[in-house]
Amino acid sequence: MPTSQTSIASAAVHVIGQYNDAGKTLVGAYRTGVQRLLDGAASRYSDFLGQRELPLVNDKIKANLIGAQAKVNGFLANRLEIDTGRIVSVMDRVATGTTSGIESVANRVAQVESPVATSVINALSAVNQPFATVSVQIADRIAAGARQIEVRVAGSEEAKPVRTVKAKAAAVKKPVRRAAARKAA
């Protein structure tokens, strides 16, 4: 197999892995954030009921209300775990399928014995190698950004500010009318 073809396939597999990791990291951050939200709501509800004297609400009713809220919170937390687990499972299956497809194509390309086909493959690989390199760099940054988001959501002090990148607006070209283009020619 040509070396550049191998590095393009390796880059593609790396990119798939990084995007899969970034996705799973973001799902984990979502899970953590929702769990914190549920825990905070439960705490505030318990504090509210515990600190107030409410008409027609005695200690037994307060305890029942807090218990019911805890059951609802437990149900929601359980659904959160199940649903995010399923999402991660689907992401892993997609990544595995995509990776095996890339490796399968790379192995088939390696079996090509025609000098003309090999020449074309090498030329295409040389043209696409810079894109593969940039894709790897982008995927690495996305994965690192996802990890920073996860650290922030977890409430860790180690979180560094996420750098925002402003995209440049594309230059707008005026449409050329055919009549004007013919006159110019």
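So, K24: at 27% relative accessibility, that lysine counts as partly exposed. Bear in mind that we're looking at a predicted model. The side chain of K24 meets the one of D92 in a salt bridge, 3.0 Å from N to O. That pair ties together distant parts of the chain, with K24 in helix α1, residues 3-51, and D92 in helix α2, 68 residues apart. D92 is partly exposed too, with a relative accessible area of 27%.

How many salt bridges does a search of the whole structure find? Three. Another one joins E81 and R31, at 3.6 Å, N to O. Here again distant parts are linked, E81 sitting in α2 and R31 in α1, 50 residues apart. E81 comes out partly exposed at 41%, and R31 does at 23%.

Then there's D83 with R79, where the closest N and O atoms are 2.7 Å apart. These two are four residues apart in α2, so about one helical turn separates them.

Staying in α2, which runs over residues 59-110, have a look at T99. T99 is at 17% relative accessibility, so we call it buried. Leaving out residues up to four places away in sequence, T99 touches V13 and I16.

Okay, on to α3, residues 115-154. With 40 residues at 1.5 Å each, α3 should span 58 Å, and its end C-alpha atoms are 55 Å apart, which agrees. There's a kink in α3, though: about 40 degrees at N128, shortly before the proline P130. Among the buried residues of α3 are I121, S125, A132 and V136. And just after α3, G155 takes a positive phi of about 85 degrees.

How values were computed: Residues numbered from 1 in each chain as written. Predicted model: local features only at pLDDT ≥ 70, side-chain atom pairs only at ≥ 80, totals over all residues. Heavy atoms only, no water. Expected span 1.5 Å × (residues − 1). Bend = angle between axes of the 7 residues up to and from the residue. Buried < 20%, exposed > 50% of the residue type's maximum accessible area, 1.4 Å probe, protein only. Contact = heavy atoms within 4.5 Å. Salt bridge = Lys/Arg side-chain N within 4 Å of Asp/Glu carboxyl O.
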